[in-house]
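This report sets out selected features of the structure shown below.

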Amino acid sequence: MTAARTLLVAFLLSASLAAQVSFDRLLRSSAEPGNWLTYSGNLQSHRHSPLTQVTPANVKNLDLQWVFQSLSLEKFEATPIALDGVLYTVQPPNDVVALDGATGRTYWTYSYKPSTQARPCCGLVNRGLAILGDTLFMGTIDGRLVALDAKSGREIWNVAVAGARVEAGYNFTVAPLVVKNMIVVGPAGGDFGIRGFIAAFDPATGREKWRFYTVPGPGEPGNTTWAKDSWMHGGASVWVTGSYDPDLNLMYWGTGNPGPDWNGDGRMGDNLYADSVIALDPDTGKLKWHFQFTPHDEFDYDSTQVPVLADIEWQGRPRKVMLWANRNGFWYVLDRATGEFLSGKPFTKVTWTSGLDAKGRPQHQVTPTADGLVVYPHLAGGTNWYSPSFSPRTGLFYVPTWQDGHATFTKGPAEYVEGRAFIGTFPTGTTLSINGTQVNRRLPGEGHGAILALDPKTGDKKWEFAMNDITDAGVLTTASDLLFSGGREGFFFALDARTGALLWKAPVGGIVQAAPMSYAIGRRQYVAIAAGNSLYSYALKP
Amino acid sequence: MKIIAAACAVWLTAASASAQHVYTNADVENGARLYSASCATCHGPRGDMVRGVALFGGSFRRATTDDDVARIILGGIAGTAMPPNNYSEAEAGMIVAYLRGSASRGGVNFTPGDAARGRAIFDGKGRCATCHAATSRTAPSLADVGAIRRPLEIEQALVDPAADINYDYRFVRAVTKGGETVTGRLLNQSSFSVQILDSSEHLRSLDKSDLKEFTVKTTSEMPSYRGVLDAQELADVVTYLMTRRGQR
């Protein structure tokens, strides 16, 4: 081998290795701030970018660099993966695109036509991809898991996930989580009477390694929290990506509502592990601990929020905690080693319970009535799946919320029939269609969106940025103390993360129903957001 | 779901020109259950949560006959969010029965008046047509009110118009920092601006940072007819309005 050829081989090898995304790189994602390698930016799910080129002083100079218009009218909910200047995202429902992060031009498209029998409750949506090695991973709305070559878009494997039958309402909308040498997902379908689970798959083959049912079967701990055979269609779905703590070797996932949503008479009991956070050993899939936010839920208060793992000083000593603003209107601080409840406070008007006891269990829960009962928060919650953010710099927890939202819950019949909504009677409320509208003529008392900055140490609200309309947008913070978000009004905006002051806004022409992310190419920082049916990328004017 | 009175089935077949089927009360009740468990997820309990679609209006944009409606329920609408459903044909028929019946559910306890007298009041003494003209920009034209509202809802709107102000006909008052007062119909708003059809019927977009006052009125622009029209006259007007089923 000549010296030149040796050099070439070494170069190619190093380039190849550089492109390979090992799990070690995911663990140390802060070491490569220009990339965005997981759904929430790191495995602690901070949705916090270490990039600092865009600052509170210069953010007003952000300029649109490109727009990628998807060939889909479905909601664009995915957060892109950014790797070495390439963005990988999902054009709903299940097409994958690789884009040049500088120009928005397409490198390749992978087209997938899911079964027309797929029936996600709330749109043919997908929240993103995972990457490991040179392979991208996606769950599909017809119950499959797909692996693609990141360089070409070639399908490597495409497997049906056992039991995730499309006819029975199972679907995958979640961005998978990579832990060690496993791809981890769970199914949505909690409004169709599925039995939820979390399962780990071999990235090389798609073979299932283990499965944890979020509704325990007969003989398993927790099964007796379901009356009779109601566990069989108990829901507890999984549709928002979990988090991982390498020191504790624990993986955390939030679970959805018990089924049927709005009539719990046939499932008396706490209904574990619906509306819970569960901590699993990723090597075995065994449950280490759980915390149930809403026992015997009859309001559809899914706990499908992103588990935010923060290391903070708690009552004078360092503590590994989990921050969780829940759809039920409370925000919690939990000890993430044990699941111990540390605090829980309402962040919006709450009437479904009189409050939490010393262990975080809600007291005096109300129940829907035959004539209808007005309950706060709205059935869509005080918050929902919208990504929060934690800034290690400010120590604040940033949450997109709905304030003053309420609905009238009526107890009606619910009979399980495979493939049909298993929900009871749909509540009525003042908030218009979850699919959004182009006009907002609501009164102030009919609910509005707000971003809250919450201090986990004190439980205090540091500031609030109130919007006129409600919001389905996630939040990104950066190491220059900027906060980016959007809402139904069709703006993408930047706030001062320390004060909540509005620093910049740009009209994006469509509802923001995704979360922002940031990446860099060379020395240039970009901030990207999906809005309407397009993906937008901004950078400072040269 | 409330029980549908036997009289309702008669109304159903009589009022729906396009109905080809006669449904039993049990069909309607079963349809209500199926609707609540499935359709209401997107369409809402009153069938009006998908914009531009009024399922309980008795007429449909993409269907004329009951069989057309049932076909859409079963097969969905390609290219839209309306998915196919695996109901039996009989079950789809029950949902159609419920949709057809809902427009008239409020009529169960309503005593019909005289439509001709109602029309005379609408155009004359009531001065309703002054605002509710077909060309009106500040009030609904009511050309199809009989297809989308139930008699008791119309009666309530006549005697207590502020009780349930139409989302599309809310009025605002804004005062700019320069001292100009702008009133008009609210068309849209965001955190930063508000869009109004003002009292001179100009389209105005106001920057909220330029306003020192902004309120959405919770009172109705429409006067109450309580004490203005007697019970018989109210029934006559409601009966007349129920004949206005428009072209959809």
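## Contact between the chains

In this predicted model, 25 residues of chain B are in contact with 25 residues of chain A, two residues being in contact if their C-beta atoms, placed from the backbone, lie within 7 Å. Helix 2 (25-43) and strand 2 (181-189) of chain B each supply at least two residues of the side of chain B that touches chain A. Helix 2 of chain B gives the largest share of that side, six residues. Sorted by class, the side of chain B that touches chain A has 12 nonpolar, nine polar and four charged residues. Here Ala, Val, Leu, Ile, Met, Phe, Trp, Tyr, Cys and Pro count as nonpolar, Asp, Glu, Lys and Arg as charged, and the others, Gly among them, as polar.

Helices (H or I, at least four residues) and strands (E, at least two) are DSSP runs, numbered from the N terminus. Residues are numbered from 1 along each chain as its sequence is written, while chains are lettered from A and ligands numbered from 1 in the order in which they are written. As the model is predicted, local features need pLDDT of at least 70 and side-chain atom pairs count only at pLDDT 80 or more, whereas totals for chains, interfaces and linings use all residues.

## The sheet of chain B

Chain B holds an open sheet of five strands in the order 4-3-2-1-5, with antiparallel pairing; two strands pair if DSSP finds at least two bridges between them. Strand 4 (203-207) and strand 5 (211-216) of chain B stand at the edges with a single partner strand each, so one side of each has no neighbour in the sheet. From one strand to the next, the twist averages 40 degrees.

Strand 2 of chain B runs antiparallel to strand 3 (residues 193-198) of chain B, and five bridges join them. R185(B) stands opposite L197(B) in strand 3 of chain B.

## Two helices of chain B

Helix 8 (residues 151-159) and helix 9 (residues 231-243) of chain B pack at an angle of about 125 degrees, their axes being 10 Å apart. Axes are lines fitted to C-alpha atoms, for helices over the stretch in contact, and angles run from 0 to 180 degrees between N-to-C directions. Helix 8 of chain B and helix 9 of chain B are therefore oblique to each other; angles under 35 degrees count as roughly parallel, over 145 as roughly antiparallel, 65 to 115 as roughly perpendicular and the rest as oblique.

The contact is made by P151(B), I154(B), E155(B) and L158(B) of helix 8 of chain B and by L234(B), V237(B), V238(B), L241(B) and M242(B) of helix 9 of chain B. By class, this contact has eight nonpolar, no polar and one charged residues.

## Chain A

Chain A has two helices and 38 strands. Strand 17 (residues 276-280) and strand 18 (residues 287-292) of chain A pair in the antiparallel sense over five bridges, and S276(A) stands opposite Q292(A) in strand 18 of chain A. These two strands form a hairpin with six residues between them, and G285(A) in the turn has a positive phi of about 80 degrees.

Most residues other than glycine have a negative phi, and most peptide bonds are trans. A cis peptide bond joins P92(A) and P93(A), with omega about 0 degrees; P93(A) is placed in the loop between strand 4 (86-91) and strand 5 (95-100) of chain A. The bond from Y376(A) to P377(A) is cis, with omega near -5 degrees.
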